[in-house]
Amino acid sequence: MSLSRRTAARSVRMLGVTAASAALALSAAGTALACDISEFSAAAACDGAKGVITVTDKDPTGVPAVVTVFLENNGADLRQVGKEQTVTGSKKGVTVSFAEDWEPNAEYRVHVVAVKGKKTLVDADIAPNVTTPSKACQADDTTTPTTSPSSSPSSTPSTPSSQTASPPAGTATSSPAPSDSAGDSAAPPAPASNAPSPAAQESNLAETGANSNTGLIVGIAAALVVVGGGAVFFGMRRRGASHR
């Protein structure tokens, strides 16, 4: 075999190995990116007083999957829980819920079917089966406790009845005699008095001049009369002397 033929044969073999390696790598990558049952999980939870079965799909490829839940009894399906639901997963996870008033320590089987094109990627149960908690769901207690009535006696005294009991039939009732003290307590009207009131007396004295300044005025007037009389007397004497 010539050198050129040997070189060509080696090149063909290397290309074959490379193609086979690439095919294996692509196959492995496709298998890793395909939807798988390990990417699904299920649990029993409570939504207030109601129970639910939740299924979470963390398939990063987002292949739609059909989820069905069954109640188990001794390894056999007792009944289907609600209707089947379709979930499209994501890397963070997408959750669907099945309303179920589950009993404590009950067992549920969750089946998943994922089909891409004409190829079925998943057709299996989530392992293990879901077992519910040992305590049933309870509603949140939002009621307000009622306060008991106070046992202490009331501080407000009870008012006596305003009506008096009527005496028995046939019993004579005597009306109370009017009290004499009421008549005596009324004072007789005072007789009219003709004496002037103090204010009227003061007014009359002021009009007649009988007040505290009357004596002074009388004295001044008398002095003026005496002075005037003296002047007249001395004037007349001088006149008589001059005529003589």
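I counted the secondary structure and got four helices and nine strands in the protein. Helices here are DSSP runs of H or I with at least four residues, strands are runs of E with at least two, and both are numbered from the N terminus. This is a predicted model, so I note the limits: local features need pLDDT of at least 70, side-chain atom pairs count only at pLDDT 80 or more, and totals for chains, interfaces and linings use all residues. Residues are numbered from 1 along each chain as its sequence is written, and side-chain values use heavy atoms, with hydrogens and water left out.

**Entry 1. Overall.** I read the order along the sequence as α-β-β-β-β-β-β-β-β-β-α-α-α. The protein has 244 residues, and 16% of them count as buried. Buried means under 20% relative accessible area, exposed means over 50%, and partly exposed is in between, with a 1.4 Å probe and protein chains only. I also looked up the surface: the protein exposes about 19,100 Å², with carbon and sulfur atoms supplying 58% of it. Those areas come from the Shrake-Rupley method with a 1.4 Å probe; for residues, only the protein chains shown count as cover. Next I checked contacts, meaning heavy atoms within 4.5 Å. Among contacts with a separation of 6 or more, 62% come from residues 24 or more positions apart.

**Entry 2. Disulfide.** How many disulfides does a search of the whole structure find? I found one. The criterion is a pair of cysteine sulfur atoms within 2.5 Å. The partners are cysteine 46 and cysteine 137, with their sulfur atoms 1.9 Å apart. The pair links distant parts of the chain, 91 residues apart. Cysteine 46 sits in strand β1 (residues 40–47), and cysteine 137 sits in the loop between β9 (130–131) and α2 (180–185). The link is left-handed, with -85 degrees about the S-S bond.

I then asked about cover. Is cysteine 137 buried or exposed? Cysteine 137 is buried, because its relative accessible area is 17%. Cysteine 46 has 42% relative accessibility, so I logged cysteine 46 as partly exposed. I looked at cysteine 35 too: its relative accessible area is 4%, which means buried.

**Entry 3. The three-stranded sheet.** I traced an open sheet with the order β1-β2-β6 and antiparallel pairing. Two strands pair if DSSP finds at least two bridges between them. β1 and β6 (94–99) are the edge strands; each has a single partner, so one side of each lacks a neighbour in the sheet. From one strand to the next, the twist averages 25 degrees. For that value, axes are lines fitted to C-alpha atoms (for helices, over the stretch in contact), and angles run from 0 to 180 degrees between N-to-C directions.

I went through the pairings. β1 and β2 are antiparallel over eight bridges. Alanine 43 has threonine 54 in β2 as its bridge partner. β1 and β2 form a hairpin with two residues between them, and glycine 48 in the turn has a positive phi of about 70 degrees. β2 (residues 50–57) and β6 are antiparallel over six bridges. Across that pairing, valine 55 stands opposite valine 96 in β6, and valine 52 stands opposite alanine 99 in β6. β2 is mostly covered, with seven of its eight residues buried.

Entry 4. I listed the contacts of tyrosine 108, leaving aside neighbours within four places in sequence; among them are Ile53, Val69, Leu71, Trp102 and Val130.

Entry 5. Alanine 127 and proline 128 are joined by a cis peptide bond, with omega about -5 degrees. Proline 128 is in the loop between β8 (119–125) and β9. Asparagine 74 is not a glycine, yet has a positive phi of about 60 degrees. I placed asparagine 74 in the loop between β3 (64–73) and β4 (76–80). Asparagine 74 counts as exposed because its relative accessibility is 79%. Asparagine 105 also has a positive phi of about 60 degrees without being a glycine. Asparagine 105 lies in the loop between β6 and β7 (107–116). At 55% relative accessibility, asparagine 105 is exposed.
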